[in-house]
Amino acid sequence: SGIITLDPGYKNTGSCESAITYLDGEKGILRYRGYTIEELAEKADFLEVAYLLIFGELPTRDQLDKFHEDIKDQSVVDEDMKKILDSFPKSAHPMGVLASLTSALIAFNPSSVNVSSEEEMYRAIVKLMAKFPVLVAWTLRKKEGMPLDYGDDALGYVENIAKMMFKKPNKEYRKNDVVINALDKLLILHADHEQNCSTSTVRIVGSSHAGLFASISAGISALWGPLHGGANQAVIEMLEGIKADGGDTKKYMAKAKDKNDPFRLMGFGHRVYKNFDPRARIIKKAADEVLGDLGVTDPVLGIAKGLEKEALEDQYFVDRKLYPNVDFYSGIIYRALGIPTEMFTVMFALGRLPGWIAQWREMRLRNEPIGRPRQVYVGENKRTFIDIDKR
Ligand code: CMC
(Lines give C-alpha, C1' and ligand atoms only; values in the text may rest on other atoms or scores of the structure.)
Protein backbone atom coordinates (compact mmCIF):
# COMPACT_ATOMS: atom_id res chain seq x y z
CA SER A 1 0.00 0.00 0.00
CA GLY A 2 1.03 3.63 -0.23
CA ILE A 3 2.90 5.33 -3.03
CA ILE A 4 5.22 3.20 -5.11
CA THR A 5 8.37 4.84 -6.40
CA LEU A 6 9.25 3.71 -9.89
CA ASP A 7 12.98 3.29 -10.52
CA PRO A 8 13.71 1.04 -13.52
CA GLY A 9 17.15 -0.51 -13.25
CA TYR A 10 17.25 0.58 -9.57
CA LYS A 11 19.41 3.54 -10.55
CA ASN A 12 18.66 5.36 -7.30
CA THR A 13 17.28 2.66 -5.04
CA GLY A 14 19.36 1.05 -2.31
CA SER A 15 18.34 -2.56 -1.69
CA CYS A 16 20.29 -3.13 1.51
CA GLU A 17 22.82 -1.84 4.00
CA SER A 18 26.20 -3.47 3.49
CA ALA A 19 29.56 -3.35 5.24
CA ILE A 20 31.50 -5.18 2.51
CA THR A 21 32.45 -2.92 -0.39
CA TYR A 22 32.68 0.85 -0.61
CA LEU A 23 32.45 2.46 -4.00
CA ASP A 24 32.60 6.15 -4.95
CA GLY A 25 31.85 6.42 -8.65
CA GLU A 26 32.65 10.13 -8.88
CA LYS A 27 36.09 9.77 -7.36
CA GLY A 28 36.91 6.30 -8.76
CA ILE A 29 37.32 4.72 -5.31
CA LEU A 30 36.83 1.02 -4.59
CA ARG A 31 37.55 -0.54 -1.19
CA TYR A 32 36.89 -3.99 0.24
CA ARG A 33 36.15 -3.80 3.98
CA GLY A 34 37.97 -0.45 4.05
CA TYR A 35 41.13 -1.50 2.17
CA THR A 36 41.76 0.13 -1.23
CA ILE A 37 41.67 -2.08 -4.29
CA GLU A 38 45.08 -0.72 -5.30
CA GLU A 39 46.69 -1.90 -2.07
CA LEU A 40 44.95 -5.29 -2.08
CA ALA A 41 45.86 -5.97 -5.73
CA GLU A 42 49.49 -5.14 -4.94
CA LYS A 43 49.98 -6.83 -1.56
CA ALA A 44 47.38 -9.53 -0.92
CA ASP A 45 46.67 -12.89 -2.48
CA PHE A 46 43.24 -13.99 -3.62
CA LEU A 47 42.45 -16.35 -0.74
CA GLU A 48 43.35 -13.63 1.77
CA VAL A 49 41.01 -11.24 0.00
CA ALA A 50 38.29 -13.90 -0.08
CA TYR A 51 38.62 -14.30 3.69
CA LEU A 52 38.54 -10.53 4.16
CA LEU A 53 35.40 -10.13 2.09
CA ILE A 54 33.54 -13.05 3.65
CA PHE A 55 34.52 -12.67 7.31
CA GLY A 56 35.24 -8.94 7.50
CA GLU A 57 38.89 -8.83 8.62
CA LEU A 58 42.24 -9.69 7.08
CA PRO A 59 43.12 -13.16 8.36
CA THR A 60 46.05 -13.89 10.64
CA ARG A 61 48.44 -16.51 9.26
CA ASP A 62 46.70 -19.15 11.46
CA GLN A 63 43.22 -18.13 10.35
CA LEU A 64 44.22 -18.24 6.70
CA ASP A 65 45.90 -21.64 7.11
CA LYS A 66 42.80 -23.04 8.82
CA PHE A 67 40.53 -21.67 6.08
CA HIS A 68 42.79 -23.17 3.42
CA GLU A 69 42.98 -26.54 5.23
CA ASP A 70 39.18 -26.67 5.52
CA ILE A 71 38.92 -25.91 1.80
CA LYS A 72 41.42 -28.62 0.90
CA ASP A 73 39.38 -31.14 2.92
CA GLN A 74 36.43 -30.47 0.63
CA SER A 75 38.21 -30.26 -2.71
CA VAL A 76 36.91 -33.51 -4.18
CA VAL A 77 33.91 -33.28 -6.48
CA ASP A 78 31.70 -36.34 -6.79
CA GLU A 79 32.81 -38.46 -9.78
CA ASP A 80 29.22 -38.63 -10.98
CA MET A 81 29.40 -34.91 -11.72
CA LYS A 82 31.68 -35.87 -14.60
CA LYS A 83 28.79 -37.70 -16.23
CA ILE A 84 26.73 -34.52 -16.19
CA LEU A 85 29.60 -32.59 -17.74
CA ASP A 86 30.10 -35.31 -20.33
CA SER A 87 26.54 -35.01 -21.54
CA PHE A 88 27.08 -31.41 -22.66
CA PRO A 89 28.21 -30.84 -26.25
CA LYS A 90 31.73 -29.45 -26.50
CA SER A 91 30.25 -26.39 -28.19
CA ALA A 92 28.23 -25.49 -25.06
CA HIS A 93 29.07 -22.07 -23.66
CA PRO A 94 31.17 -22.51 -20.49
CA MET A 95 28.98 -20.09 -18.52
CA GLY A 96 25.91 -22.26 -19.11
CA VAL A 97 27.92 -25.33 -18.19
CA LEU A 98 29.25 -23.70 -15.02
CA ALA A 99 25.82 -22.51 -13.88
CA SER A 100 24.42 -26.02 -14.48
CA LEU A 101 27.26 -27.75 -12.64
CA THR A 102 26.92 -25.36 -9.71
CA SER A 103 23.23 -26.21 -9.55
CA ALA A 104 24.01 -29.90 -9.84
CA LEU A 105 26.36 -29.59 -6.88
CA ILE A 106 23.26 -29.10 -4.70
CA ALA A 107 22.11 -32.65 -5.40
CA PHE A 108 25.47 -34.04 -4.30
CA ASN A 109 25.70 -31.83 -1.19
CA PRO A 110 22.16 -31.68 0.20
CA SER A 111 23.39 -30.69 3.66
CA SER A 112 24.54 -27.38 2.21
CA VAL A 113 21.03 -26.33 1.24
CA ASN A 114 19.06 -25.39 4.33
CA VAL A 115 21.76 -23.62 6.25
CA SER A 116 21.03 -20.94 8.79
CA SER A 117 23.53 -21.13 11.66
CA GLU A 118 26.93 -19.53 11.18
CA GLU A 119 28.57 -22.94 11.52
CA GLU A 120 26.40 -24.47 8.79
CA MET A 121 27.03 -21.45 6.60
CA TYR A 122 30.77 -21.83 7.10
CA ARG A 123 30.65 -25.46 5.97
CA ALA A 124 28.66 -24.58 2.85
CA ILE A 125 31.03 -21.70 2.06
CA VAL A 126 34.12 -23.87 2.41
CA LYS A 127 32.59 -26.53 0.17
CA LEU A 128 31.87 -24.02 -2.54
CA MET A 129 35.29 -22.33 -2.29
CA ALA A 130 36.80 -25.83 -2.67
CA LYS A 131 34.65 -27.32 -5.41
CA PHE A 132 33.97 -24.28 -7.61
CA PRO A 133 37.55 -24.04 -8.96
CA VAL A 134 37.35 -27.75 -9.86
CA LEU A 135 34.16 -27.07 -11.82
CA VAL A 136 35.84 -24.14 -13.55
CA ALA A 137 38.87 -26.25 -14.47
CA TRP A 138 36.68 -29.12 -15.67
CA THR A 139 34.60 -26.74 -17.77
CA LEU A 140 37.77 -25.52 -19.47
CA ARG A 141 39.25 -29.00 -19.87
CA LYS A 142 36.05 -30.35 -21.37
CA LYS A 143 36.09 -27.50 -23.89
CA GLU A 144 39.71 -28.27 -24.75
CA GLY A 145 39.17 -32.04 -24.89
CA MET A 146 41.55 -32.64 -21.97
CA PRO A 147 41.14 -35.30 -19.25
CA LEU A 148 39.36 -34.20 -16.09
CA ASP A 149 41.52 -34.25 -13.01
CA TYR A 150 41.62 -33.08 -9.41
CA GLY A 151 43.90 -30.52 -7.84
CA ASP A 152 46.97 -30.85 -5.70
CA ASP A 153 46.50 -29.99 -2.02
CA ALA A 154 50.18 -29.24 -1.59
CA LEU A 155 49.78 -26.08 -3.67
CA GLY A 156 48.49 -22.62 -2.87
CA TYR A 157 44.85 -21.88 -3.69
CA VAL A 158 45.52 -19.97 -6.93
CA GLU A 159 48.52 -22.07 -7.91
CA ASN A 160 46.28 -25.11 -7.64
CA ILE A 161 43.67 -23.46 -9.84
CA ALA A 162 46.35 -22.73 -12.45
CA LYS A 163 47.54 -26.32 -12.38
CA MET A 164 44.01 -27.72 -12.60
CA MET A 165 43.32 -25.52 -15.61
CA PHE A 166 46.56 -25.69 -17.55
CA LYS A 167 48.21 -29.03 -16.82
CA LYS A 168 48.69 -31.05 -20.00
CA PRO A 169 48.36 -34.83 -19.62
CA ASN A 170 51.71 -35.52 -21.25
CA LYS A 171 53.73 -32.79 -19.55
CA GLU A 172 54.83 -32.06 -16.03
CA TYR A 173 53.21 -28.88 -14.76
CA ARG A 174 55.71 -26.12 -13.98
CA LYS A 175 54.70 -23.21 -11.80
CA ASN A 176 55.01 -19.88 -13.56
CA ASP A 177 55.07 -16.93 -11.15
CA VAL A 178 54.01 -14.45 -13.82
CA VAL A 179 50.87 -16.52 -14.45
CA ILE A 180 50.09 -16.98 -10.74
CA ASN A 181 50.61 -13.29 -9.95
CA ALA A 182 48.47 -12.22 -12.90
CA LEU A 183 45.68 -14.59 -11.85
CA ASP A 184 45.86 -13.45 -8.23
CA LYS A 185 45.58 -9.83 -9.31
CA LEU A 186 42.73 -10.40 -11.77
CA LEU A 187 40.75 -12.51 -9.30
CA ILE A 188 41.21 -9.88 -6.55
CA LEU A 189 40.08 -7.08 -8.86
CA HIS A 190 36.90 -9.01 -9.68
CA ALA A 191 36.19 -10.24 -6.16
CA ASP A 192 33.38 -7.87 -5.23
CA HIS A 193 31.58 -4.83 -6.55
CA GLU A 194 28.67 -4.20 -4.20
CA GLN A 195 25.09 -4.41 -5.52
CA ASN A 196 25.67 -5.06 -9.23
CA CYS A 197 23.31 -7.22 -11.31
CA SER A 198 24.73 -10.65 -10.38
CA THR A 199 25.28 -9.79 -6.71
CA SER A 200 21.77 -8.41 -6.36
CA THR A 201 20.59 -11.63 -7.99
CA VAL A 202 22.50 -13.71 -5.44
CA ARG A 203 21.03 -11.71 -2.56
CA ILE A 204 17.49 -11.78 -3.90
CA VAL A 205 17.53 -15.52 -4.66
CA GLY A 206 19.10 -16.18 -1.25
CA SER A 207 16.48 -13.99 0.42
CA SER A 208 13.88 -16.70 -0.22
CA HIS A 209 16.21 -18.99 1.77
CA ALA A 210 17.10 -20.96 -1.33
CA GLY A 211 20.56 -22.27 -0.49
CA LEU A 212 23.97 -20.77 -1.17
CA PHE A 213 24.71 -22.95 -4.22
CA ALA A 214 21.36 -22.12 -5.86
CA SER A 215 21.92 -18.42 -5.22
CA ILE A 216 25.41 -18.55 -6.74
CA SER A 217 24.18 -20.49 -9.75
CA ALA A 218 21.64 -17.72 -10.37
CA GLY A 219 24.42 -15.16 -9.98
CA ILE A 220 26.46 -16.94 -12.65
CA SER A 221 23.52 -16.72 -15.06
CA ALA A 222 23.16 -12.99 -14.37
CA LEU A 223 26.88 -12.42 -14.86
CA TRP A 224 26.82 -14.12 -18.26
CA GLY A 225 25.09 -11.24 -20.08
CA PRO A 226 27.20 -8.98 -22.31
CA LEU A 227 26.14 -5.85 -20.41
CA HIS A 228 27.67 -7.37 -17.27
CA GLY A 229 30.46 -9.97 -16.98
CA GLY A 230 29.97 -11.21 -20.54
CA ALA A 231 31.49 -7.89 -21.65
CA ASN A 232 35.03 -9.30 -21.31
CA GLN A 233 34.32 -11.87 -24.04
CA ALA A 234 32.46 -9.26 -26.08
CA VAL A 235 35.44 -6.86 -25.87
CA ILE A 236 37.90 -9.33 -27.40
CA GLU A 237 35.41 -10.31 -30.08
CA MET A 238 34.90 -6.63 -30.85
CA LEU A 239 38.65 -5.94 -30.99
CA GLU A 240 39.16 -8.99 -33.22
CA GLY A 241 36.35 -7.74 -35.47
CA ILE A 242 37.99 -4.31 -35.74
CA LYS A 243 41.33 -5.94 -36.51
CA ALA A 244 39.81 -8.13 -39.23
CA ASP A 245 38.16 -5.02 -40.64
CA GLY A 246 41.53 -3.36 -41.18
CA GLY A 247 41.89 -1.80 -37.71
CA ASP A 248 39.67 1.17 -38.55
CA THR A 249 38.87 2.33 -34.99
CA LYS A 250 37.26 5.58 -36.22
CA LYS A 251 34.58 3.60 -38.05
CA TYR A 252 33.66 1.75 -34.85
CA MET A 253 33.71 4.95 -32.79
CA ALA A 254 31.17 6.36 -35.23
CA LYS A 255 29.03 3.21 -34.95
CA ALA A 256 29.11 3.40 -31.13
CA LYS A 257 27.83 6.99 -31.25
CA ASP A 258 25.13 6.29 -33.83
CA LYS A 259 21.83 5.94 -31.98
CA ASN A 260 20.36 3.94 -34.89
CA ASP A 261 23.16 1.39 -34.60
CA PRO A 262 22.89 -1.13 -31.74
CA PHE A 263 26.70 -1.37 -31.57
CA ARG A 264 28.20 -0.23 -28.27
CA LEU A 265 31.82 0.12 -27.39
CA MET A 266 32.12 -2.97 -25.22
CA GLY A 267 34.20 -2.50 -22.10
CA PHE A 268 33.18 1.14 -21.92
CA GLY A 269 30.78 2.82 -19.54
CA HIS A 270 29.59 1.94 -16.09
CA ARG A 271 26.45 2.51 -14.05
CA VAL A 272 28.39 3.89 -11.11
CA TYR A 273 31.87 4.99 -12.23
CA LYS A 274 31.60 8.41 -13.83
CA ASN A 275 35.25 9.43 -13.69
CA PHE A 276 37.31 6.28 -14.11
CA ASP A 277 37.13 2.64 -13.07
CA PRO A 278 40.07 2.07 -10.71
CA ARG A 279 40.14 -1.61 -11.67
CA ALA A 280 40.63 -0.71 -15.35
CA ARG A 281 43.70 1.39 -14.48
CA ILE A 282 45.32 -1.48 -12.61
CA ILE A 283 44.44 -3.98 -15.34
CA LYS A 284 45.75 -1.80 -18.15
CA LYS A 285 49.13 -1.56 -16.42
CA ALA A 286 49.07 -5.30 -15.64
CA ALA A 287 48.30 -6.10 -19.30
CA ASP A 288 51.49 -4.34 -20.38
CA GLU A 289 53.52 -6.06 -17.68
CA VAL A 290 52.13 -9.58 -18.15
CA LEU A 291 52.44 -9.53 -21.94
CA GLY A 292 55.98 -8.19 -21.56
CA ASP A 293 56.95 -10.83 -18.99
CA LEU A 294 55.47 -13.65 -21.03
CA GLY A 295 56.99 -12.32 -24.24
CA VAL A 296 53.57 -12.16 -25.89
CA THR A 297 52.66 -9.54 -28.47
CA ASP A 298 48.98 -9.16 -29.15
CA PRO A 299 47.92 -6.77 -31.92
CA VAL A 300 44.54 -6.21 -30.28
CA LEU A 301 46.30 -4.51 -27.33
CA GLY A 302 47.33 -1.73 -29.71
CA ILE A 303 43.79 -1.50 -31.07
CA ALA A 304 42.42 -1.32 -27.52
CA LYS A 305 44.80 1.48 -26.56
CA GLY A 306 43.95 3.38 -29.74
CA LEU A 307 40.22 3.05 -29.08
CA GLU A 308 40.64 4.18 -25.49
CA LYS A 309 42.62 7.25 -26.53
CA GLU A 310 40.05 8.23 -29.17
CA ALA A 311 37.12 7.68 -26.83
CA LEU A 312 38.65 9.72 -24.01
CA GLU A 313 39.04 12.66 -26.40
CA ASP A 314 35.60 12.29 -28.00
CA GLN A 315 32.81 14.65 -26.97
CA TYR A 316 30.15 11.87 -27.01
CA PHE A 317 32.09 9.78 -24.50
CA VAL A 318 33.20 12.81 -22.46
CA ASP A 319 29.61 14.13 -22.19
CA ARG A 320 28.31 10.76 -21.04
CA LYS A 321 31.27 10.11 -18.73
CA LEU A 322 32.11 6.83 -20.43
CA TYR A 323 35.47 5.34 -19.45
CA PRO A 324 37.05 1.92 -19.91
CA ASN A 325 35.73 -0.51 -17.31
CA VAL A 326 37.21 -3.63 -15.71
CA ASP A 327 36.37 -5.72 -18.77
CA PHE A 328 38.23 -3.61 -21.33
CA TYR A 329 41.76 -4.95 -20.81
CA SER A 330 41.17 -8.12 -18.75
CA GLY A 331 40.54 -10.34 -21.78
CA ILE A 332 43.89 -9.39 -23.26
CA ILE A 333 45.59 -10.77 -20.13
CA TYR A 334 43.42 -13.91 -20.05
CA ARG A 335 44.32 -14.54 -23.65
CA ALA A 336 48.04 -14.08 -22.98
CA LEU A 337 47.68 -16.72 -20.23
CA GLY A 338 46.25 -19.14 -22.80
CA ILE A 339 42.63 -18.98 -21.67
CA PRO A 340 40.12 -19.33 -24.53
CA THR A 341 37.76 -16.40 -25.16
CA GLU A 342 34.59 -18.22 -24.14
CA MET A 343 36.16 -18.86 -20.72
CA PHE A 344 36.73 -15.19 -19.88
CA THR A 345 33.42 -14.69 -18.08
CA VAL A 346 34.00 -17.94 -16.19
CA MET A 347 37.23 -16.35 -14.88
CA PHE A 348 35.17 -13.36 -13.78
CA ALA A 349 32.82 -15.73 -11.93
CA LEU A 350 35.77 -17.44 -10.25
CA GLY A 351 36.97 -14.06 -9.00
CA ARG A 352 33.50 -12.89 -7.98
CA LEU A 353 32.71 -16.05 -5.99
CA PRO A 354 33.97 -14.72 -2.61
CA GLY A 355 32.06 -11.47 -3.13
CA TRP A 356 28.83 -13.32 -3.89
CA ILE A 357 29.41 -15.54 -0.86
CA ALA A 358 30.13 -12.56 1.40
CA GLN A 359 26.99 -10.77 0.23
CA TRP A 360 24.83 -13.87 0.67
CA ARG A 361 26.23 -14.45 4.17
CA GLU A 362 25.72 -10.83 5.16
CA MET A 363 22.14 -10.94 3.87
CA ARG A 364 21.38 -14.08 5.90
CA LEU A 365 23.14 -12.91 9.08
CA ARG A 366 21.24 -9.63 8.94
CA ASN A 367 17.98 -11.58 8.60
CA GLU A 368 16.98 -9.55 5.61
CA PRO A 369 13.39 -9.94 4.43
CA ILE A 370 12.55 -11.66 1.16
CA GLY A 371 13.36 -9.42 -1.81
CA ARG A 372 10.13 -8.46 -3.46
CA PRO A 373 10.06 -5.26 -5.56
CA ARG A 374 6.73 -3.59 -6.33
CA GLN A 375 5.52 -2.43 -9.74
CA VAL A 376 3.33 0.19 -11.33
CA TYR A 377 0.59 -1.61 -13.26
CA VAL A 378 0.02 -0.19 -16.76
CA GLY A 379 -2.13 -2.97 -18.29
CA GLU A 380 -5.84 -3.29 -19.17
CA ASN A 381 -8.63 -2.39 -16.77
CA LYS A 382 -11.13 -5.06 -15.75
CA ARG A 383 -12.52 -6.91 -18.80
CA THR A 384 -15.15 -9.59 -19.36
CA PHE A 385 -14.01 -12.98 -20.61
CA ILE A 386 -14.86 -13.74 -24.26
CA ASP A 387 -15.45 -17.33 -25.28
CA ILE A 388 -12.73 -18.68 -27.65
CA ASP A 389 -15.17 -19.08 -30.59
CA LYS A 390 -16.29 -15.47 -30.31
CA ARG A 391 -12.84 -13.81 -30.41
N1 CMC B 1 29.08 2.64 -26.05
C2 CMC B 1 28.36 3.65 -26.56
N3 CMC B 1 27.47 4.37 -25.85
C4 CMC B 1 27.29 4.04 -24.57
C5 CMC B 1 28.03 3.00 -23.97
C6 CMC B 1 28.94 2.29 -24.76
N7 CMC B 1 29.66 1.28 -24.23
N8 CMC B 1 27.66 2.87 -22.67
C9 CMC B 1 26.72 3.81 -22.46
N10 CMC B 1 26.50 4.53 -23.61
C11 CMC B 1 25.60 5.69 -23.76
C12 CMC B 1 24.16 5.24 -23.81
O13 CMC B 1 23.77 5.00 -25.14
C14 CMC B 1 23.46 6.42 -23.20
O15 CMC B 1 23.43 7.44 -24.16
P16 CMC B 1 22.17 8.47 -24.22
O17 CMC B 1 22.20 9.20 -22.91
O18 CMC B 1 22.47 9.35 -25.40
O19 CMC B 1 20.95 7.63 -24.40
C20 CMC B 1 24.42 6.88 -22.10
O21 CMC B 1 25.71 6.47 -22.57
C22 CMC B 1 24.16 6.26 -20.74
O23 CMC B 1 24.17 4.84 -20.85
P24 CMC B 1 23.13 3.85 -20.19
O25 CMC B 1 23.03 2.62 -21.02
O26 CMC B 1 21.86 4.58 -19.88
O27 CMC B 1 23.87 3.56 -18.82
P28 CMC B 1 23.60 2.33 -17.85
O29 CMC B 1 24.13 2.76 -16.54
O30 CMC B 1 22.21 1.86 -17.95
O31 CMC B 1 24.53 1.17 -18.48
C32 CMC B 1 26.42 -0.20 -18.99
C33 CMC B 1 25.82 0.86 -18.05
C34 CMC B 1 27.72 -0.71 -18.39
C35 CMC B 1 25.44 -1.37 -19.14
C36 CMC B 1 26.68 0.46 -20.37
O37 CMC B 1 27.63 1.49 -20.24
C38 CMC B 1 27.13 -0.56 -21.42
O39 CMC B 1 26.31 -1.19 -22.06
N40 CMC B 1 28.49 -0.72 -21.62
C41 CMC B 1 29.01 -1.74 -22.50
C42 CMC B 1 28.98 -3.11 -21.84
C43 CMC B 1 30.04 -3.25 -20.78
O44 CMC B 1 31.20 -2.92 -20.98
N45 CMC B 1 29.65 -3.78 -19.62
C46 CMC B 1 30.56 -4.05 -18.51
C47 CMC B 1 30.26 -3.19 -17.32
S48 CMC B 1 31.53 -3.17 -16.07
C49 CMC B 1 31.73 -4.76 -15.42
C50 CMC B 1 30.49 -5.52 -15.19
O51 CMC B 1 29.50 -5.03 -14.68
O52 CMC B 1 30.53 -6.70 -15.49
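## Two helices side by side

V49, A50, L53 and I54 in helix α2 meet P354, G355, I357, A358 and R361 in helix α17. Here "meet" means being in contact, with C-beta atoms, placed from the backbone, within 7 Å. Sorted by class, this contact has seven nonpolar, one polar and one charged residues. Ala, Val, Leu, Ile, Met, Phe, Trp, Tyr, Cys and Pro count as nonpolar, Asp, Glu, Lys and Arg as charged, and the others, Gly among them, as polar.

A quick word on what you're looking at: this is a predicted model, where local features need pLDDT of at least 70 and side-chain atom pairs count only at pLDDT 80 or more, while totals for chains, interfaces and linings use all residues. Residues are numbered from 1 along each chain as its sequence is written. As for the element names, helices (H or I, at least four residues) and strands (E, at least two) are DSSP runs, numbered from the N terminus.

Back to our pair. Helix α2 covers residues 46-55, and its axis sits 8 Å from that of α17, at an angle of about 15 degrees. Axes are lines fitted to C-alpha atoms, for helices over the stretch in contact, and angles run from 0 to 180 degrees between N-to-C directions. That is why α2 and α17 are roughly parallel to each other (angles under 35 degrees count as roughly parallel, over 145 as roughly antiparallel, 65 to 115 as roughly perpendicular and the rest as oblique). The α2 and α17 crossing is right-handed; a crossing gets that name if the near helix is turned clockwise from the far one by less than a right angle, and left-handed if anticlockwise.

## How hidden is α2?

Is a residue tucked in or out in the open? Call it buried if 20 or more other C-beta atoms lie within 10 Å of its own, exposed if 12 or fewer, and partly exposed in between, with C-beta atoms placed from the backbone. In α2, nine of the 10 residues are buried, so this helix is largely enclosed by the rest of the structure. The buried ones are F46, L47, E48, V49, A50, Y51, L52, L53 and I54. After α2 comes G56, with a positive phi near 100 degrees.

Which way does α6 run relative to α17? Helix α6 (residues 118-144) packs on α17 at an angle of about 165 degrees, with the axes 11 Å apart, so the two are roughly antiparallel. Their crossing is right-handed. On the α6 side, the contact is made by M121, I125, L128, F132, P133, V136 and T139, and on the α17 side by V346, L350, L353, I357, R361 and R364. Those residues divide into 10 nonpolar, one polar and two charged.

## Two domains

The domain assignment of the protein gives domain 1 (17-227 + 342-365) and domain 2 (231-336); such bounds come from an automatic or database domain assignment. Taken over C-alpha atoms, their centres are 26 Å apart. Domain 1 puts 23 residues into the contact and domain 2 puts in 25.

On the domain 1 side, the elements giving two or more residues are β2 (29-32), α1 (37-43), α8 (177-189) and α17 (344-365). The largest share, five residues, comes from α8. By class, this side of domain 1 has 14 nonpolar, four polar and five charged residues.

How many residues of α16 are buried? For this helix (residues 327-336) the count is 10 of the 10, so α16 is largely enclosed by the rest of the structure. The buried residues of α16 pack against α8, α11 (231-244), α13 (278-294), α14 (299-312) and α17. Just after α16 you'll find G338, with a positive phi of about 90 degrees.

Most residues other than glycine have a negative phi, and most peptide bonds are trans. Now look at R33: it isn't a glycine, yet its phi is positive, about 50 degrees. R33 sits in the loop between β2 and β3 (35-36) and is partly exposed, with 19 other C-beta atoms within 10 Å.

E194 is also not a glycine and has a positive phi, about 40 degrees. Its place is the loop between α8 and α9 (197-206). With 17 C-beta neighbours inside 10 Å, E194 counts as partly exposed.
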